[in-house]
Amino acid sequence: MSHKAADIITEVLHAAGVRRIYGVVGDSLNGLTESMRSRGDIEWVHVRHEETAAFAAGAEAHLTGELAVCAGSCGPGNLHLINGLFDAHRSRVPVLAIAAQIPSTEIGRGYFQETHPDHLFKECSHYCELVSNPQQLPGILETAVRTAIGNRGVAVVVIPGDIALANYDAPISQPEGIKIHSPRVIPADGDLDRLAALLNNSERTTIICGRGCRGAHGEVVALAARLKAPVVHALGGKEYIEYDNPYNVGMTGFIGFSSGYTAMLACDTLLMLGTDFPYRQFYPTDAKIAQIDIRPESLGRRAPLDIGLVGDIKASVEVLLPRIDEKSDTSHLSDSLKNYAKAREGLDELASGKPGRKPIHPQYLAKLVSDLAADDAVFTFDVGTPTVWAARYLAMNGRRRMIGSLVHGSMANALPQAIGAQATFPERQVISLSGDGGFAMMMGDVLTLVQQKLPVKIIIFNNSVLGFVALEMKAAGFLETGVDLRNPNFAAVAAAAGIHGVRVEDPGELENALREILAHDGPALLDVVTNTEELSMPPRIEATQVKGFGVWALKAVMNGRGDQLVDLTMSNFLRR
């Protein structure tokens, strides 16, 4: 039996543990899809847009930590992958993209659909190479797989359709030689001694944790216990560090808690663990700062460091702990915990609703979702205000997972990521917290839920506005322009697509409707009409934001929008 070069692709991918590829078929992918059909052990997840394919692969990689794969046909097909690949790369999850190319003999001649993906994808990948001869394929493909896994990011293999269909056979590495594992990386003893001396001499240490703390929950909590240190988290660290943590004092940043910001401001030493938290204005200015990260390029790029160490967090903290003296002074920790309790109480007060009292507040919806979701639910959430409510109201427990576009900040990520999560874990409850703008942008892929029989639950925060953008405009003193959304009844749209849909406008109907949606056997959508004028205030209010908001209020009145100012005031300050 003759073998095609495409058979090498599927053989290597199967050896690496890949069991599905997300994409949209095209003639330049015929070699790959035919090889998959013949094998029968790698599933083709047929999405309606290649951007969805890349986001879905990224979500699978986020949840499993293993290599996930997406594919796009030549020209526009693989070009659509780029947004989801940027997200996966910046989120540091291992994704391989197969970018089909025009016939190899036509490259450089301005052929139909010609692009140069080997150039286009370089900025969002660790490795991107064109296969121009079948003999290159085993080496390039295996290198791409190992690079994506080892560097935790994107790799791209560009292959013309005729090369994939060429007769070719060659040996490949054994699975143990392809599917590599992350090494245990710890700092040098002398560096650990210096860090321990800094922490032992500190009177008020605060720890901030990011996504690099995955798998290190016990070690971080043990370190906080020894230092009597409050633990702040960036949003990427929430699912890994928030739960079962008596030292947790919440999140910091623009959508965080005042308690997280205050705990960092009040410390004399800040220890950064596995975080590249980007907002420099939230860092203390007078404290000493130490940082541990597996990526040396992350060290010190947010704030000047006193000590910077390269290492993975679990292993590094394990060897650091014996060097740390037990602290007895709990004043900094106690103050931080009191601040957190106060901040948490204030946020929970907002998460309420009364029958007949419209509109529905998004905090109430998010809190109900958290309360009613399964203990091992996977939540995806769109950029903008759904991210705010997810960050503040979704309760983590070590089994639940959450995925957003936290670094790249792309709209319309939640539904595509939910597709990847559900395809990977078909028996698990997957909930997409979608904004109305984000959902509408990629709405076509609700058809993927029906076609692939994926029981994703979509919850739409339907506030008829690009909410976070509108808030940013107000804070800068501008009248909102181009942010209003004229939405359909999304439940009716879902029903037309063959999905169970429910629309809710009254807070008194919300809980039962949510229970109905979550219990439905199959994909379902809940369209919730939420408050347009809801504010999500950052823990630190800049003088320029106060000034800008005042300017906006004045402009609103002068331009005949005084009723909007009244609605905003009633919604946020006179709710009780």
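Figure 1. Cys74 is buried, at a relative accessible area of 8%, where buried denotes under 20% relative accessible area, exposed over 50% and partly exposed the range in between (1.4 Å probe, protein chains only). This is a predicted model, in which local features require pLDDT of at least 70 and side-chain atom pairs pLDDT 80 or more, whereas totals for chains, interfaces and linings use all residues. Residues are numbered from 1 along each chain as its sequence is written, and side-chain values use heavy atoms, with hydrogens and water left out. The cysteine sulfur closest to that of Cys74 belongs to Cys128 and lies 16 Å away, too far for a bond. Cys209, with a relative accessible area of 0%, is buried; Cys209 takes part in no disulfide, and the nearest cysteine sulfur, in Cys213, is 3.8 Å away. A disulfide is taken as a pair of cysteine sulfur atoms within 2.5 Å, and a search of the whole structure returns 0 of them.

**Figure 2. The buried face of helix H2.** Helices (H or I, at least four residues) and strands (E, at least two) are DSSP runs numbered from the N terminus. In helix H2 (residues 30–39), the buried residues are Gly31, Leu32, Ser35 and Met36. Viewed down the axis of H2, these buried residues fall within an arc of 130°, so they line one face of the helix; the arc is that of the directions from the helix axis to the C-beta atoms. Their cover includes helix H1 (5–15) and strands E1 (20–23), E2 (43–46), E3 (68–72) and E4 (95–101). After H2 comes Gly40, with a positive phi near 80°.

**Figure 3. Nonpolar cores.** A nonpolar core is a set of buried Ala, Val, Leu, Ile, Met, Phe, Trp, Tyr and Cys residues joined through side-chain atoms within 4.5 Å. The largest comprises 56 residues, and Phe379, Leu433, Ile459, Leu510 and Leu526 have the most contacts inside it. Apart from it lies another core, of 47 residues, including Cys124, Cys128, Val154 and Ile458. With contact meaning heavy atoms within 4.5 Å, and neighbours within four places in sequence left aside, the partners of Leu433 include Val369, Phe381, Pro386, Leu394, Ile459 and Phe461.

**Figure 4. Surroundings of Val383.** The loop between strand E13 (378–381) and helix H17 (385–393) holds Val383, which is partly exposed at a relative accessible area of 29%. Val383 and Met411 are separated by 28 residues in sequence, yet by 5.5 Å in space, C-alpha to C-alpha. Setting aside neighbours within four places in sequence, Val383 contacts Ser405, Gly409, Ser410, Met411 and Asn413.
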